[in-house]
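User: Hi! I'd like to get to know this structure a bit. Can we look at it together?

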Amino acid sequence: MDSRFTGQVVLVTGGAQGLGRAMVERFASEGASVHFADLNDQVAQEVVASHPDAISYDRVDVSDPAAARIWVDRVAGDKGRIDVLVNNAGVIRDNRVENITVEDWRAVMAVSLDAAFYCSQAAFAHMKTRSYGRVLSFSSMSWRGNFGQLNYVAAKAGVVGFTRGFALEGAKHGVTANAIAPGLIETPMLASMNDRAREKLVAKVPLGTTGAPSDIATAAAFLCSAEAGYITGVVLDVDGGIGIGSSIR
Ligand SMILES: NC(=O)c1ccc[n+]([C@@H]2O[C@H](COP(=O)([O-])OP(=O)(O)OC[C@H]3O[C@@H](n4cnc5c(N)ncnc54)[C@H](O)[C@@H]3O)[C@@H](O)[C@H]2O)c1
């Protein structure tokens, strides 16, 4: 494996499982010092154990603006730099519009969108001092609209707008901002979906299958690498083609 991140400091939110874990391990295996925030202490310790010299875990609720800022500033203070921030943490509280509670609305917006702003604003201050940075945020194929997910759709469309706006502000400081819109990827979040809903969705994927967390980690590592320096404001679909339109086989 290339060591594209040797000497770099990478922050990942929600790194204990799923896509976050795959990215934490990928960045560590490519030479980075990786710091991830999560709330699941037990699983998080397993991730640290996979590369104990390269991976650090902090219990941080990134939807808490003060906690998010303190975390980012502390890592920057300890390490002297932040090269990459991955805004990955997200939650789902699916329901039809008439049944979405105010709490479910706020929870999804807080973790998927607000936290990206808190962490990015804090990281940007450190990236600017070195005129270098990569901010990658997680949207979803759902950002274009998906039945029964109004809160999630709104948050993930918000991530697209956030990324495009942030890209303009980061550009003159050497900071890129991009997003990944995953399709159906095999993670605990997808496993929580009922079998019938899942089968119907997989049948619509042009490439005919779900993706693996490593598919996302590969795309993330590229977008966060120095070699992707001329790419900013982009939303990359990593979705087996489902974003093109459905293909019922
Ligand atoms: N898995 C998919 O198929 C899929 C598809 C589209 C988009 N996404 C997006 O990709 C991202 C990762 O998805 P995943 O499937 O790996 O999710 P996941 O639920 O498996 O993992 C999310 C992680 O975020 C952590 N987290 C949740 N709230 C947090 C908070 N307030 N502070 C800190 N950590 C918190 C959780 O503890 C968990 O470890 C999410 O933003 C999700 O919306 C996933």
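Analyst: Happy to! Let's begin with a pair of helices: α1 passes α8 in a right-handed crossing. Keep in mind that this is a predicted model.

User: At what angle do α1 and helix α8 pack?

Analyst: The angle is about 50°, and the axes of α1 and α8, which covers residues 213–223, are 8 Å apart. That angle makes α1 oblique to α8.

User: Why give both an angle and a distance?

Analyst: Because two packed helices are described by the angle between their axes together with the distance between the axes.

User: OK, and how do α1 and helix α2 pack?

Analyst: Helix α2 spans residues 41–50, and α1 packs with it at an angle of about 20°, with 10 Å between their axes. That makes α1 roughly parallel to α2. The crossing of these two, α1 and α2, is right-handed.

User: What about α4 and α5, what are the angle and the axis distance there?

Analyst: Helix α4, residues 102–130, packs with α5 at an angle of about 15°, and their axes are 8 Å apart. So α4 is roughly parallel to α5. As for handedness, α4 passes α5 in a right-handed crossing.

User: Switching topic: which residues come nearest to the ligand?

Analyst: There are 27 residues around the ligand, and those that come nearest are Leu19, Asp38, Asn88, Tyr152 and Thr187.

User: Which helices each supply at least two residues of that shell?

Analyst: Those are α1 (18–29), α5 (150–171) and α6 (188–191).

User: How many of the shell residues are nonpolar, polar and charged?

Analyst: The shell around the ligand has 15 nonpolar residues, nine polar ones and three charged ones.

User: What distances separate ligand atoms from polar atoms of the protein?

Analyst: Here are three examples. In the side chain of glutamine 17, an N or O atom is 2.8 Å from an oxygen atom of the ligand. The side chain of aspartate 61 has an N or O atom 2.9 Å from a nitrogen atom of the ligand. With isoleucine 185 the backbone takes part: one of its polar atoms is 2.9 Å from a ligand oxygen.

User: And how much of the ligand does the protein bury?

Analyst: The protein buries 91% of the 840 Å² that the ligand exposes when taken alone.

User: Last one: where is serine 131 found?

Analyst: Serine 131 is in the loop between α4 and β5 (133–138). It has a positive phi of about 55°, although it is not a glycine. For background, most residues other than glycine have a negative phi.

Note on methods
Residues are numbered from 1 along each chain as its sequence is written. This is a predicted model: local features need pLDDT of at least 70, side-chain atom pairs count only at pLDDT 80 or more; totals for chains, interfaces and linings use all residues. Side-chain values use heavy atoms; hydrogens and water are left out. A residue is near a molecule or strand if one of its heavy atoms lies within 4 Å of it. A polar contact is a pair of N or O atoms within 3.5 Å; within protein, one must be able to donate a hydrogen and the other to accept it, and residues adjacent in sequence count only if both atoms are side-chain atoms. Accessible areas come from the Shrake-Rupley method with a 1.4 Å probe; for residues, only the protein chains shown count as cover. Helices (H or I, at least four residues) and strands (E, at least two) are DSSP runs, numbered from the N terminus. Ala, Val, Leu, Ile, Met, Phe, Trp, Tyr, Cys and Pro count as nonpolar, Asp, Glu, Lys and Arg as charged, and the others, Gly among them, as polar. Axes are lines fitted to C-alpha atoms, for helices over the stretch in contact, and angles run from 0 to 180 degrees between N-to-C directions. Angles under 35 degrees count as roughly parallel, over 145 as roughly antiparallel, 65 to 115 as roughly perpendicular and the rest as oblique. A crossing is left-handed if the near helix is turned anticlockwise from the far one by less than a right angle, and right-handed if clockwise.
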